[in-house]
Amino acid sequence: MIRIDSVTKRYPDGTVAVDRLSLDIPDRAITVLVGPSGCGKTTTLRMINRMVELSEGTISIDGKDTRQEPVNTLRRSMGYVIQNAGLFQHRTIIDNIATVPRLLGWSKDKARARARELMERVGLDASLAKRYPYQLSGGQQQRVGVARALASDPPVLLMDEPFSAVDPVVRKGLQDELLRIQGELGKTIVFVTHDIDEAVKLGTMVAVLRTGGKLAQFAPPAELLSDPADAFVEDFLGADRGIRRLSFFSAAGLDLLTAPIVAVDATAEQIARATTGTPYVLVTGLDGKPLGWSPPEELTAGSVDTARLLPYGRPFVAGEDSLRAALDCAVLSPTGWAVAVDGEGRATGVISQTAIGEAIRGAHEAGAGASGASESKALR
Ligand SMILES: Nc1ncnc2c1ncn2[C@@H]1O[C@H](COP(=O)(O)OP(=O)(O)OP(=O)(O)O)[C@@H](O)[C@H]1O
């Protein structure tokens with residue numbers, strides 16, 4: 001565990017960048033430092049690997065004060081990733097990634113073999129190995145930055161706004177990739193961002209800092225969304241905090257209706273049974289996959305006219321998705337009803353916006369306590 005104990009950083013000009021900050025950063029998890037510009041996030045991160053020396057307090061790793069360790073040994077135990085990747089422009093991708101192993105005295109072959117293995121791990125095609133950084137997209141360069149930081153297999157990874165310079169789509173891809181890699185490697189990651197959505201998505205724990213380098217709240221993301229410590233945190237989380245909190249509740253418990261579903265070749269009797277008072281019936285193909293909605297009175301037995309069906313929108317997967325995803329499906333559906341499917345895309349039930357609304361109220365009430373949600377990580 002990295003323990004930040006009552007740490008203050010006063011720069012020579014008198015600026016107090018961090019003010020008596022205490023945080024216990026758990027092992028093998030992602031801890032995110034988030035807050036407005038200038039609140040001391042980067043300073044805190046750099047005090048961990050002593051690129052910035054603290055003024056007061058202590059930072060210890062597994063009980064050992066970081067100042068008692070030679071600074072090079074300390075930094076070798078920590079990968080460091082920054083915005084724009086900070087790659088060596090005159091070195092090929094493979095040699096960028098092999099930098100630290102080479103510094104540690106590995107042979108060129110062994111270091112390059114390790115670099116190739118890491119390229120695959122971070123999702124970079126092997127054909128990019130001989131290119132130079134300027135020949136890569138921003139997102140690819142960030143991946144190289146992550147691979148380089150992982151090269152010597154350090155237990156700790158410090159990441160300073162690593163995905164800020166890329167567009168939202170690439171950024172989402174990099175975030176998903178980081179979560180996947182973390183699932184495999186289980187590093188202790190300290191991640192700086194000013195983006196609260198990124199913090200909620202990636203963080204096992206999130207530390208919200210306020211200007212002046214003071215800790216406003218340190219909590220798992222679900223707790224942050226359910227119980228913000230004060231008006232500053234609430235404001236920082238944004239107006240749609242309630243909606244975002246729904247990402248932490250699973251859609252698995254929703255009361256799905258199966259009666260108003262018929263196949264294209266449904267008999268008159270099956271159609272009659274499907275007409276259960278719902279305003280629409282969902283028609284599926286013979287493979288069980290949804291095709292669209294129809295008012296029950298327009299269904300013709302034996303062969304439904306699929307050209308007349310209303311689109312069913314985007315379905316949700318009940319076992320995997322969140323209440324937020326289910327609500328989104330219902331809101332976007334032309335009928336106001338959401339379609340649930342299984343992993344193979346076959347319809348498993350339908351549910352109205354109203355019924356989802358009731359489930360949401362129930363979930364909020366049941367989870368009104370400390371952490372307030374059924375999942376510790378956000379679902380889709
Ligand atoms: N070398 C320095 N000398 C004096 N003040 C500094 C120095 N480095 C940073 N600061 C100040 O310390 C405060 C915290 O800076 P820091 O870079 O840690 O914030 P940050 O939260 O990472 O900001 P951003 O999100 O904008 O990167 C700011 O007021 C900044 O101006």
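Helix α1 (residues 41–48) contributes the largest share of the shell around the ligand, 3 residues; helices (H or I, at least four residues) and strands (E, at least two) are DSSP runs numbered from the N terminus. The structure is a predicted model, in which local features need pLDDT of at least 70 and side-chain atom pairs count only at pLDDT 80 or more, while totals for chains, interfaces and linings use all residues. Residues are numbered from 1 along each chain as its sequence is written.

The ligand is surrounded by 13 residues, the closest being Tyr11, Ala17, Ser37, Thr42 and Thr43; a residue is near the ligand if its C-beta atom, placed from the backbone, lies within 6 Å of it. By class, the shell holds 3 nonpolar, 8 polar and 2 charged residues, where Ala, Val, Leu, Ile, Met, Phe, Trp, Tyr, Cys and Pro count as nonpolar, Asp, Glu, Lys and Arg as charged, and the others, Gly among them, as polar.

The chain contains 14 helices and 16 strands. Its C-alpha atoms fill a box of roughly 80 × 50 × 30 Å along the principal axes.

An open sheet of 3 strands has the order β14-β15-β16 with mixed pairing; strands pair if DSSP finds at least two bridges between them. The edge strands, each pairing on one side only, are β14 (316–317) and β16 (347–352). Strand β14 runs parallel to β15 (residues 337–341) and is joined to it by 2 bridges. Val317 stands opposite Val341 in β15.
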